[in-house]
Amino acid sequence: MDGGALTDTSLTDSYFSTSFIGVNGFGSPVETKYPLMQRMTNSSSSPSLLNDSAKPYSGHDPLTSPASSLFNDFGALNISQRRKTPNPTASEFIPKGGSSSRLSNVSQSNMSAFSQVFSHPSMGSPATAGLAPGMSLSAGSSPLHSPKITPHTSPAPRRRSHTPNPASYMVPSSASTSVNNPVSQTPSSGQVIQKETVGGTTYFYTDTTPAPLTGMVFPNYHIYPPTAPHVAYMQPKANAPSFFMADELRQELINRHLITMAQIDQADMPAVPTEVDSYHSLFPLEPLPPPNRIQKSSNFGYITSCYKAVNSKDDLPYCLRRIHGFRLVNTKCMVLVDMWKKIQHSNIVTLREVFTTKAFAEPSLVFAYDFHAGGETMMSRHFNDPNADAYFTKRKWGQHDGPLPRQHAGLLPESLIWAYIVQLSSALRTIHTAGLACRVMDPTKILITGKTRLRVNCVGVFDVLTFDNSQNNNPLALMAQYQQADLISLGKVVLALACNSLAGIQRENLQKAMELVTINYSSDLKNLILYLLTDQNRMRSVNDIMPMIGARFYTQLDAAQMRNDVIEEDLAKEVQNGRLFRLLAKLGTINERPEFQKDPTWSETGDRYLLKLFRDHLFHQVTEAGAPWIDLSHIISCLNKLDAGVPEKISLISRDEKSVLVVTYSDLKRCFENTFQELIAAANGQL
């Protein structure tokens, strides 16, 4: 769980570390008869709060028995998670159970890549999965070929959340046995015909889970492993949390959520309509212009405003860029809009649609873009310091009246500038390849999300606003000239970043700005700026600057992948939160219930009494001195054992300390499931 309700002083990383040491369950002994991850197969079969179909914990069946819960659970992984028709021409297609059977996502999707390393009966050979006499359905084919849509209770959807068997990826080829006669094959050879009836429909599928090697032991329930070494040695910040998401990332995500869900008081802003076309819940993203404003935007030549809105068709947030007082005369410019809508790039804010409206009490043109919460313009991030222009307005260039500014002393690091260059050039390359021109390469139209992620905003606006009727026959006639202008605009943006001032791109300051770049940055950056800003005798391409970027491209790629590793590591710390929250939510609906079916003592008797004592065991323990004993690792460990239903015994003491009940976690899980199902049955009967 998040653990936000507990104070940092009482819950430190070292305080929890003692319970996260042992790989076999927080340091507790593990039964030798449960060597595989039965915890994972049982817990993952509880996909929702209202539909808990977890199987009872059973570890006494032999691992080679067809009735083993391991084979029942892991064998389900051979059923495809998606309904797609097999492609016989695909390199990864391996026939199985006839031509109509679906591909197995787990053991066959990456056949060509892993067949030489990991091989078992379901990989490396096109062995036909035969059926016993009377069994005419192939593995996984019955849900696909049913006359109606597969019910939500069929085996395939219920197995989608199961954790893959680690043994499937660790069995060497020597442990595999070729399958020559699947019908007569014994269960010990690794292929078993399974049968399951759900809602009157019988499903047959082939269990190809290989038997584990001797000595392979996995934890019986979920635990959090230590941080991966490639992330641990990235020099994280001091006092960074070890078991929870980083505070910086958490705060950034919370801020994005707040901005996405922000709304306005309609009484305070009557000028904002409640609905515009199919969009509602408009929220201004920038100060609204006054009603009597005459000054127009310096970029588009029209008064503009920007809103966040929710589309009623898909309930997703979008950014609406409104052009005030614009009348669309020629609709042939929509050809260019359709071309923009097809561009999907990580450094471009995608244009979704363009429409006209009179919802603002005047004719307006609205551009709908993807909404990126928390984004700020490059202008506000890097060019909001009025003192930055002092280099060009106060300094007497050519006179040695003081030291020249050094890099990192008011100037941006060169690595950051190259990161921006790589992203902006990548966006231009995609736009130019599509036969379009950006035309908005300006610091006020470049969004920055996070630390260094760039996105070019407001694409396609100029193509509509400046569309000339003379271009009716060929709206792309001037795109080549606009693309050359994009390169000049890119050079100005890079020069402004290198000078950390917009004054550096003014014509009278270009020589001073290039001198500043020459002193503080590398020759490659200077040559790139000169190439972009200097007129050439030939048509230039954005691909021409790739040799100037050189190996720095790999540096940015490496930085992006390292950032991805850090985020994935933070995600791994939260992977069990949903499962543990469902357990606590179910316990909360049972414990201390005032009345159920006119029985005020329902929660204090029978199975519910055991769950009440277990709740006290979780949260209400005290030390020998009577002080509250708060240990998050104890709570997580006990909840994991309850979810798995392990046979470990636990002592539950009544509040008056006159009764001591010794039960197993499997008994508690049975009481827990039966009681919650009783509540669900009563709730469904009242609806």
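Modeller: Happy to! S603 has 4% relative accessibility, so S603 counts as buried. Keep in mind that this is a predicted model. S603 sits in the loop that links α19 (577-590) with α20 (606-619). A polar atom of the S603 side chain is 3.1 Å from the backbone oxygen of R593. Leaving aside residues up to four places away in sequence, S603 touches I590, E592, R593, R608 and Y609.

Now to the helix, α12. Two packed helices are described by the angle between their axes and the distance between the axes. For α12 (residues 414-433) and α16 (residues 523-533), the axes come within 11 Å and cross at roughly 40°. That angle makes α12 oblique to α16, and their crossing is left-handed. On the α12 side, E414, I417, W418 and I421 meet D524, L525 and L528 of α16. The residues of this contact comprise five nonpolar, no polar and two charged.

The other partner is α18 (residues 552-573), whose axis lies 10 Å from that of α12 at an angle of about 90°. The pair is therefore roughly perpendicular. Here E414, S415, W418, A419 and V422 in α12 meet R552, F553 and Q556 in α18. This contact divides into four nonpolar, two polar and two charged residues. E414 and W418 take part in the contact with α16 and also in the one with α18.

Notes
Residues are numbered from 1 along each chain as its sequence is written. This is a predicted model: local features need pLDDT of at least 70, side-chain atom pairs count only at pLDDT 80 or more; totals for chains, interfaces and linings use all residues. Side-chain values use heavy atoms; hydrogens and water are left out. Helices (H or I, at least four residues) and strands (E, at least two) are DSSP runs, numbered from the N terminus. Buried means under 20% relative accessible area, exposed over 50%, partly exposed in between (1.4 Å probe, protein chains only). A polar contact is a pair of N or O atoms within 3.5 Å; within protein, one must be able to donate a hydrogen and the other to accept it, and residues adjacent in sequence count only if both atoms are side-chain atoms. Contact means heavy atoms within 4.5 Å. Axes are lines fitted to C-alpha atoms, for helices over the stretch in contact, and angles run from 0 to 180 degrees between N-to-C directions. Angles under 35 degrees count as roughly parallel, over 145 as roughly antiparallel, 65 to 115 as roughly perpendicular and the rest as oblique. A crossing is left-handed if the near helix is turned anticlockwise from the far one by less than a right angle, and right-handed if clockwise. Ala, Val, Leu, Ile, Met, Phe, Trp, Tyr, Cys and Pro count as nonpolar, Asp, Glu, Lys and Arg as charged, and the others, Gly among them, as polar.
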